[in-house]
Amino acid sequence: MAVADRSNGTPRAWQRMLSGRRLDLLDPSPLDIEISDIAHGLARVARWNGQTIGEHAYSVAQHSLLVEQIFNRIVPDASQEWQMFALLHDAPEYVIGDMISPFKAVMGGNYKLIETRLETAIHLRFSLPASMPARLKSLIKRADRVAAYFEATRLAGFTESEATRYFGRPHGFDPDGLDLTPRPTQVVQAEFLTRFQSLDQSRKG
């Protein structure tokens, strides 16, 4: 909900982050993006609108870690830069939340425009190219759909036929070793930060 600035009546389009940054949602600056805010937010945003089994919500942070793990199996020689792209593929959701696909379709272009601006700012903040190469985008999308299939069938109550209809059956992919058990917020937040820092250090090293 937009909140009016009492000094001039204009809607407030920024959000204050726990780091102290003020992020303009309509014109986000890379300077106002912090990985601590991203990890904190994603660990508290529930996938599947919270309609998953388990004691804890299955968060976007945990999903992001899963997608990067799957991506690394699909592309075993991926560079640290590509792995970083995979880890951050849903990073804008720390601000705008995780909208299920049917609602995104209803929202239309404005949602996608804001998401793209945030994504670009996030990439620039962490010294990544502003946009992904088409091949990389396709590979991350494949990993994302594999993750969605197993999340849908193991956590969200989908039958295999339903999941296959919407996400495609992940032929040729062995899910052995994938842990989809929803984990506590603080645990996942720490895991996400640790993974980011490991990739960031490897890139700089």
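Salt bridges and burial in a predicted model

Guide: In this predicted model, Arg125 and Glu34 are joined through their side chains by a salt bridge, with 3.4 Å from N to O. Arg125 belongs to helix α6 (residues 109-125), while Glu34 sits in the loop between β4 (22-24) and α1 (35-42), 91 residues apart.

Visitor: What makes the contact of Arg125 and Glu34 a salt bridge?

Guide: The N to O distance is 3.4 Å, and the cut-off is within 4 Å, so the pair qualifies.

Visitor: Why is Glu34 called buried?

Guide: Its relative accessible area is 18%. Buried means under 20%, so Glu34 is counted as buried. Arg125, at 30%, is partly exposed, because that class lies between 20% and 50%.

Visitor: Which parts does the salt bridge of Arg195 and Glu68 tie together?

Guide: The closest N and O atoms of Arg195 and Glu68 are 2.7 Å apart. Arg195 lies in helix α9 and Glu68 in helix α2 (residues 60-74), so the bridge connects parts 127 residues apart in sequence. Glu68 is buried at 3%, whereas Arg195 is partly exposed at 25%.

Visitor: How do you know that Lys204 is exposed?

Guide: Lys204 has a relative accessible area of 69%. Asp200 is buried at 16%.

Definitions and conventions. Residues are numbered from 1 along each chain as its sequence is written. This is a predicted model: local features need pLDDT of at least 70, side-chain atom pairs count only at pLDDT 80 or more; totals for chains, interfaces and linings use all residues. Side-chain values use heavy atoms; hydrogens and water are left out. Helices (H or I, at least four residues) and strands (E, at least two) are DSSP runs, numbered from the N terminus. Buried means under 20% relative accessible area, exposed over 50%, partly exposed in between (1.4 Å probe, protein chains only).
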